[in-house]
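Reader: Please show me the sequence and the structure. I will then ask about details, one at a time.

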Amino acid sequence: MKLISFLDLAKEEKAILICGGKRPELPEYLQNGYYLEPTVYLSENPKSRMCQEEIFGPVVTIIPFDTEEEALRIANDTEYGLNGVVWTQNLQRAHRVSHAVRAGTIWVNCWFVRDLRAPFGGFKKSGIGREGGHHSMEFFTEAKNICIALK
C-alpha cells in the first residue's frame, strides 16, 4: 500500500514520529480495510520526500521555521499546491501569508471547511482544474460547436 511506504520513507529520512504511524486495532470484520491512525511527523528537512509529496492519507509532516519569510519559502518550494493552512491570531498576517502561498485553497485557523459552491483545486502539479460552483460546469463538461450549412 502506497501510504504504508511513506511510513517506511519517514524512517529512512529520519523524520521523528510524534504520534500514530500504524494500523489501529480493529474488530475482525474491519481488519482487511485500509486504515491508518492519524500520523504526525516532525522533519527538519523541508526538501525530504515526506515534505515534498502529496501523501493523501492521515499523515502530516511538521516543519519548524523561524520567520514568516522562511515559512513562505518552505510552503512555496514544492511542485504541488493543493491547499494550505495558516494558524495565526494576526488578521493582517493571515491575509498576507494566504495571498503569498501558491495553493488552490488556504484555510485560516480551520481545516477542510468547504462550501461546495466555491472553487476547489490546486496550483502547479496539484489537480487538473477547478470543481465547485460554476467551475464544475466547465470542469465536467466539454464545450462543442456544431456548424451545419443549410441550403
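Reader: Is Asn109 buried, partly exposed or exposed?

Author: First, the ground rules: this is a predicted model, where local features need pLDDT of at least 70, side-chain atom pairs count only at pLDDT 80 or more, and totals for chains, interfaces and linings use all residues. Residues are numbered from 1 along each chain as its sequence is written, and side-chain values use heavy atoms, with hydrogens and water left out. Buried means under 20% relative accessible area, exposed over 50%, and partly exposed in between (1.4 Å probe, protein chains only). Asn109 has a relative accessible area of 40%, so Asn109 is partly exposed.

Reader: Where is Asn109 placed, and what is its phi?

Author: Helices (H or I, at least four residues) and strands (E, at least two) are DSSP runs, numbered from the N terminus. Asn109 sits in the loop between β6 and β7. Asn109 is not a glycine, yet its phi is positive, at about 60°.

Reader: Which nonpolar residues form a surface patch with Phe112, and what is the accessible area together?

Author: Phe112 lies in the loop between β6 (105–108) and β7 (123–124). Its relative accessibility is 45%, so Phe112 counts as partly exposed. By the Shrake-Rupley method (1.4 Å probe; for residues, only the protein chains shown count as cover), the patch of Phe112 with Val85, Trp87 and Trp111 has about 500 Å².

Reader: What is the phi of Phe112?

Author: Phe112 is not a glycine.

Reader: In what order do the 3 strands of the open sheet run?

Author: Two strands pair if DSSP finds at least two bridges between them. The pairing in this sheet is mixed, and the order is β1-β2-β3. The edge strands, each pairing on one side only, are β1 (16–19) and β3 (59–62).

How values were computed: Patches are made of residues with over 30% relative accessible area and no salt bridge: like charges are joined within 9 Å, nonpolar side chains (Val, Leu, Ile, Met, Phe, Trp, Tyr) within 5 Å. A salt bridge is a side-chain nitrogen of Lys or Arg within 4 Å of a carboxyl oxygen of Asp or Glu.
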